[in-house]
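Please walk through the following structure with attention to its sheet and to its aromatic side chains.

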Amino acid sequence: QVLADYTLGQADMLRRAMGKKKPEEMAKQRVMFNEGAEKNNIDSDLATYIFDLMEKFAGYGFNKSHSAAYALVSYQTAWLKAHYPAPFMAAVCSSDMQNTDKVVVLIEECRAMQLELVPPGVNVGEFQFTVDDQGRIVYGLGAIKGLGEGPIASIIEARKKDGPFESIFDFCNRVDARKVNKRSMEALIKSGAFDELGAERSVMMAALPEAVKAADQNAKNADSGMADLFGEVVPNGSAVTDAYAEYQSILPWSAKERLLGEKETLGLYLTGHPIDEYKKEISAFTHHRIIDLKPEKNNQLVAGMIVSMRVMKTKRGDNMGFLVLDDRSARLEIAIFSDCFAEHRDKLKVDTLVVVSGVISNDEYSGGLKMRANNVLGLQEARETYAKALRLKIKQDQVATDFIGKLRTMLEPFSGGHCPVLVQYSGDGAMGDLQFGSSWHIAPSDELIHDLRKVFGNEQVAMEYQ
């Protein structure tokens with residue numbers, strides 16, 4: 001302001017240009033600064049030198065006292081991470097437990113460090129992430145959506161008073177129903193917090209209404225001083241098997257149902273990831289996980305599950321979309337502008353696996369990366385685009401009468417695609433690849449691959465890529 005006769009507003013514009021590290025804006029500011037300094041009879045070489053110092057800060061600048069403080073904190077945290085990895089990662093997860101995007105990255109770091117991570121537990125969990133006696137990181141109960149500090153305090157208090165919970169009936173009977181309602185308990189089941197009670201999540205979800213009802217009746221009896229004529233309303237906590245006896249016919253949730261429940265309550269997939277079964281396959285045509293991406297001017301391919309999506313109107317009245325992709329390593333926000341959005345909208349559904357092509361750049365707002373998409377493929381389309389063939393490994397003893405006829409019957413509903421079928425046949429002392437003709441080309445859907453694996457085995461059926 002003094003050297004170059006800047007107004008306070010102009011000086012602030014220079015400060016912003018430095019902060020945002022914009023070279024083109026700094027070039028404009030250099031001209032203004034030099035002209036102002038010249039009017040104040042400041043030597044031009046001195047003015048240029050002073051502006052050069054400021055421009056270094058636009059590239060990267062750091063106060064020395066800050067550098068020293070950060071160096072000390074970096075050393076301390078690196079030492080803690082090296083010598084006390086589980087407590088350190090539990091503390092880091094706790095500090096960001098309300099920011100799901102950060103927790104996803106931290107959980108992946110725990111896995112990379114080979115630290116065992118277990119779901120939140122009503123018998124061992126605390127509000128924050130902790131480490132149990134076996135050195136495992138226990139997910140914080142406070143990270144479960146819809147479960148506040150009050151309900152968690154009530155759970156911990158009941159646990160400390162009378163020991164571990166032994167069944168969902170025992171839990172409902174001992175925890176204050178005014179603080180931990182049915183919706184909170186459903187969230188606890190879906191997140192895996194009741195897994196340690198020894199029953200399937202599906203069984204506990206089916207038993208929950210009866211458990212709540214029985215606990216309510218028991219509480220009313222206690223309030224009125226009545227004892228139940230036929231004994232306890234709530235099944236004996238120690239007889240866990242008996243507590244769930246009438247629900248044993250309930251089928252366990254599928255892996256997909258279990259993982260969707262975790263995503264709904266924790267904001268992420270904890271005990272697995274829907275992408276796991278496709279990991280090897282998609283690595284054949286996407287060369288980087290989200291966490292390894294770098295900004296580039298060229299198109300890059302990324303695959304992942306759509307975990308959230310929002311649609312906005314453009315100024316022209318068209319729709320565009322913003323979706324968040326998760327591949328277990330990290331998350332990436334992707335902008336899909338109107339033309340691309342209109343073309344691919346039918347593929348853009350939450351909890352769907354997609355392969356997206358686009359340009360990766362830095363996101364100045366979040367400090368991470370973002371992508372501008374120009375093409376979206378569903379998994380089946382990606383297979384057809386990049387696959388060399390669907391390979392079946394068949395042994396001689398698997399070839400029954402009319403094998404070809406039965407195989408044709410399985411493939412026929414999926415005919416008309418572009419993916420060749422290749423059979424790797426092994427018999428007595430010989431093995432060879434048999435390339436089927438173009439009339440056998442198929443659309444390689446998940447349904448077909450699952451059906452073939454049921455018949456021939458998981459390891460005998462695979463997509464083969466260029």
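**Aromatic pairs and a barrel**

With a relative accessible area of 12%, W440 is buried in this predicted model. The partner of W440 is F436, and the two rings form an edge-to-face pair, with 4.8 Å from centre to centre and 80 degrees between the planes. F436 likewise counts as buried, because its relative accessibility of 13% falls under the 20% cut-off.

The model holds 11 aromatic pairs. In one of them the ring centres of F169 and Y244 lie 6.2 Å apart and the planes meet at 50 degrees, so this pair is tilted. It links distant parts of the chain, since F169 belongs to helix α8 (residues 168–174) while Y244 sits in the loop between α11 (240–243) and α12 (255–266), 75 residues apart. Both F169 and Y244 are buried. Elsewhere, ring pairs join Y6, F33 and F51 into a cluster.

The sheet can be followed next. Five strands close into a barrel, taken in the order β4-β5-β6-β8-β7, and their pairing is mixed; from one strand to the next the twist averages 50 degrees.

How values were computed. Residues numbered from 1 in each chain as written. Predicted model: local features only at pLDDT ≥ 70, side-chain atom pairs only at ≥ 80, totals over all residues. Heavy atoms only, no water. Pairing = 2+ DSSP bridges. Helix = DSSP H or I, 4+ residues; strand = E, 2+ residues; numbered from the N terminus. Axes fitted to C-alpha atoms, helices over the stretch in contact; angles between N-to-C directions. Phe/Tyr/Trp six-rings, centres within 6.5 Å; stacked < 30°, edge-to-face > 60°. Buried < 20%, exposed > 50% of the residue type's maximum accessible area, 1.4 Å probe, protein only.
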